[in-house]
Protein chains: 2
Amino acid sequence: VTSSERDVLAANDSFYRAFAARDLEAMNRLWAKKELCVCVHPGWQALHGRREVMASWRAILEGDGAPDIRCEEARAIVLEAAALVSCVERIDDGDGALVATNVFVLEDGAWRMIHHQAAPFVERPLPTDSPEALN
Amino acid sequence: VTSSERDVLAANDSFYRAFAARDLEAMNRLWAKKELCVCVHPGWQALHGRREVMASWRAILEGDGAPDIRCEEARAIVLEAAALVSCVERIDDGDGALVATNVFVLEDGAWRMIHHQAAPFVERPLPTDSPEALN
């Protein structure tokens, strides 16, 4: 794990801490100031732009349905000024699981979120690698 | 739309052409050669690494269940050497719709896919912007 990867994973942790604590201010600080923010809540269409994205977080974090959530198995890929995290979200004592993609950009030296997509999944056997598998 | 955005959207189109044509070779060319590929098929856990990701595409494209698919409403965000596309996938004459996140990296001057996540959604009213909305 490089220091960039550590920084990105720390930003990813901040996202889930803000989510679990229903801390709208922390969530607001975490998202990039740019208008290119995109957010895909489970089962929703994509929301585009910071205003729409933050309105959705306000509705979720201030509503009754905000889940107890924690993040597991986070992996970061740093691509210069952007970074991609994939992780598993565990909901409410482990009953539900979602797979999430979180994308961050470097903004004034800090990793800020510009994209979040989460969707439920069920664990499946991995596809079989045939000997002639492409590579 | 900048020329970089056009190039990224063209790569995104190539992905959906390969998918619709069940063209495994084209799909293989499109994915980055790096081992950091991640793919989240609808309802699946994340698949990590080129080998696992391509094995899944082989299973899908050579199987009976490959859907007729087309891409709509694609929007690109270019972040230096990485780019993010969000779009809607229409399946089988418009009955089903998925929201997709596709991430590309510049590899030897060409945009190659390193991440794909698609998940079904239903259209919802946008969250209401209250006057005190964060920005």
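Contact here means heavy atoms within 4.5 Å. The model shown in these views is predicted.

**View 1. B:Asn12 sits inside helix α1 of chain B.** Is this residue buried or exposed? B:Asn12 counts as buried, because its relative accessibility is 0% and buried means under 20%. B:Asn12 touches B:Cys71, B:Ala74, B:Val85, B:Cys87, B:Asn102 and B:Phe104. That list leaves out residues up to four places away in sequence.

**View 2. Six strands of chain B make an open sheet.** Read the order as β2-β1-β6-β5-β4-β3. The pairing is mixed. Which strands stand at the edges? They are β2 (47-48) and β3 (69-79) of chain B. Each has a single partner strand, so one side of each is left without a neighbour in the sheet. Helix α1 (residues 3-20) of chain B packs on this sheet. The helix touches β3, β4, β5 and β6 (110-120) of chain B. Its direction makes about 150° with that of β3(B).

**View 3. Strands β4 and β5 of chain B pair in the antiparallel sense.** Strands of a sheet pair through backbone hydrogen bonds. Here β4 covers residues 82-91 and β5 covers residues 96-107. How many bridges join them? There are ten. One pair to find is B:Ala82 with its bridge partner in β5(B), B:Val105.

View 4. B:Thr101 counts as buried, because its relative accessibility is 0%. Its side chain makes a polar contact with the side chain of A:Gln117, at 2.5 Å.

**View 5. A:Glu72 forms salt bridges with A:Arg70 and A:Arg90.** Side chains of opposite charge can pair when their charged atoms come close. The N to O distance is 3.1 Å for A:Glu72 and A:Arg70. For A:Glu72 and A:Arg90, the closest N and O atoms are 3.0 Å apart. This second pair links distant parts of the chain: A:Glu72 lies in strand β3 of chain A and A:Arg90 in strand β4 of chain A, 18 residues apart. A:Glu72 is partly exposed, with a relative accessible area of 25%. A:Arg70 also counts as partly exposed, at 41%.

**View 6. B:Glu73 forms a salt bridge with B:Arg90.** The closest N and O atoms are 3.9 Å apart. B:Glu73 is in strand β3 of chain B and B:Arg90 is in strand β4 of chain B, 17 residues apart. B:Glu73 counts as exposed, at 54% relative accessibility. In chain A, shared partners join A:Arg70, A:Glu72, A:Glu73 and A:Arg90 into one salt-bridge network. The count over all chains comes to eight salt bridges.

Notes
Residues are numbered from 1 along each chain as its sequence is written. Chains are lettered from A and ligands numbered from 1 in the order in which they are written. This is a predicted model: local features need pLDDT of at least 70, side-chain atom pairs count only at pLDDT 80 or more; totals for chains, interfaces and linings use all residues. Side-chain values use heavy atoms; hydrogens and water are left out. Two strands pair if DSSP finds at least two bridges between them. Helices (H or I, at least four residues) and strands (E, at least two) are DSSP runs, numbered from the N terminus. Axes are lines fitted to C-alpha atoms, for helices over the stretch in contact, and angles run from 0 to 180 degrees between N-to-C directions. Buried means under 20% relative accessible area, exposed over 50%, partly exposed in between (1.4 Å probe, protein chains only). A polar contact is a pair of N or O atoms within 3.5 Å; within protein, one must be able to donate a hydrogen and the other to accept it, and residues adjacent in sequence count only if both atoms are side-chain atoms. A salt bridge is a side-chain nitrogen of Lys or Arg within 4 Å of a carboxyl oxygen of Asp or Glu.
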